[in-house]
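Subject: Structure handover

Hi,

Here is the structure I promised to pass on. My notes follow below it.

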Amino acid sequence: MKCTLCGGQTVYIRQYDKLALCKRHFNEQMTKRVQKTITRYKMLGRKDRIAIGVSGGKDSVALLDIMSKIEKDFPESELVAIIIDEGIENYREEGLYFAKKHAKRLDIEHHVFSFKKDFGYDLDDVIEILGERGKDREYGACSYCGILRRKILNKAAQKVDADILLTGHNLEDEAETILLNIIRGDITRLVRLDPKPRKIHHSLIPRAKPFRTTPQAEIVMYCYLNDLEYQELPCPYAVEAYRGDVRDFIFKTQEKQSMLSFNIVRGLDKLLKMVTDVPSGNKMQDCSKCGDASASNLCKACWLKDKIDIIQKI
Ligand code: SF4
Ligand code: ZN
């Protein structure tokens with residue numbers, strides 16, 4: 001089969017629209033879609049200092065690479081990579097290596113922050129202290145990891161003086177998050193998935209997901225075609241994720257319905273157009289301890305810190 005756009009050698013056929021693409025056009029389509037997503041949701045300003053959270057996995061490595069191409073057209077903007085070390089033994093080291101390697105390759109300023117330095121404990125420490133899941137520990141490791149990563153990423157974005165923080169969440173990640181919020185009946189969080197970055201609290205750097213309409217399979221292909229190395233080893237805690245079931249459902253159903261994730265994400269966009277009362281900053285409080293955004297008196301990170309400190313004292 002020949003490339004639909006130039007007749008050259010096809011390297012990839014998109015299942016959802018049957019477009020056959022050669023390497024050049026595949027790369028072009030990837031970049032164009034990210035540009036379109038950024039424009040449609042007004043994700044970036046021309047003079048923004050843009051922070052990108054880079055884990056060293058396929059999504060963030062591809063996003064860093066594509067953003068470095070897009071950013072060349074905006075000489076007044078700047079890119080800065082934020083790399084977080086969660087502290088997961090025999091796993092995180094490799095991701096950090098790839099994250100730093102790509103930032104250096106693209107000549108992008110990068111900074112490493114860690115759970116240990118900013119929170120006082122590695123994720124491994126947190127899990128060891130909290131104990132066995134279901135017995136002593138209430139939630140899966142990913143819940144604690146998520147609480148701390150969100151907090152430290154935001155802190156890091158503040159420290160590097162970023163206007164916006166980009167993350168590598170892809171189409172299926174977004175579809176998963178939407179479904180999870182529906183399953184949990186958490187409509188407040190569902191409408192907060194508004195793709196247009198907003199300042200919802202004075203302490204929060206606005207966030208955006210330029211890959212929210214890019215399928216995972218195309219990100220993997222992009223890395224492969226462009227020789228971008230990334231961490232493939234799964235996190236040892238991933239088995240505890242509740243997300244796993246929803247993720248399995250999405251990928252299984254997608255085999256027969258290739259538009260599934262697009263439909264879920266577009267469905268949210270349509271819903272957001274109908275909703276006028278999107279919860280904004282006035283619904284977020286200041287954490288009584290650290291002053292950061294919180295849904296209640298104490299933010300989740302401070303709640304976790306208190307819990308760990310109490311257990312440590314016993
Ligand atoms: Fe953190 Fe879970 Fe991801 Fe591991 S799989 S890095 S614990 S969120
Ligand atoms: Zn707090």
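Which residues surround ligand 1? They are I88, L123, C142, C145, R149, C235, Y237 and A238. Please keep in mind that this is a predicted model.

**Ligand shell**

Helix α6, residues 141–159, gives the most to the shell around ligand 1. Its share is three residues. By class, the shell holds seven nonpolar residues and one charged residue. No polar residue takes part.

**Rings**

The count of aromatic pairs comes to five. Two charges also sit over rings. The charged end of R212 is placed over the ring of Y41, with 4.9 Å to the ring centre. K305 lies over the face of F119, and here the distance to the ring centre is 5.7 Å.

**Salt bridges**

How many salt bridges does a search of the whole structure find? The total is 24.

Start with R24 and E28. Their side chains meet in a salt bridge, at 3.3 Å from N to O. Both residues belong to helix α1, which spans residues 23–40. They are four residues apart there, so about one helical turn separates them. R24 is exposed, at 52% relative accessible area. That value counts as exposed because the cut-off is over 50%. E28 is partly exposed, at 32%.

Next, K116 and D125. These two form a salt bridge, and their closest N and O atoms are 3.2 Å apart. K116 is partly exposed, with a relative accessible area of 44%.

Then D118 and K159. This pair forms a salt bridge too, with 3.6 Å between the closest N and O atoms. D118 lies in helix α4 (residues 115–119) and K159 lies in helix α6, so the bridge ties together parts that are 41 residues apart in sequence. Is D118 buried or partly exposed? D118 is partly exposed, at 21% relative accessible area. Buried would mean under 20%, so D118 does not count as buried. K159 is exposed, at 55%.

Last, the network. Salt bridges that share partners join E174, K209, R212 and D269 into one network.

**Where to look**

For the ligand, open the view on helix α6, which gives three residues to the shell. Helix α6 also holds K159, the partner of D118. For the charges, go to R212, one of the residues in the network.

Best wishes

How values were computed:
Residues numbered from 1 in each chain as written. Chains lettered and ligands numbered in written order. Predicted model: local features only at pLDDT ≥ 70, side-chain atom pairs only at ≥ 80, totals over all residues. Heavy atoms only, no water. Near = heavy atom within 4 Å. Helix = DSSP H or I, 4+ residues; strand = E, 2+ residues; numbered from the N terminus. Nonpolar A, V, L, I, M, F, W, Y, C, P; charged D, E, K, R; others polar. Phe/Tyr/Trp six-rings, centres within 6.5 Å; stacked < 30°, edge-to-face > 60°. Lys NZ or Arg CZ within 6 Å of the ring centre and 35° of its normal. Salt bridge = Lys/Arg side-chain N within 4 Å of Asp/Glu carboxyl O. Buried < 20%, exposed > 50% of the residue type's maximum accessible area, 1.4 Å probe, protein only.
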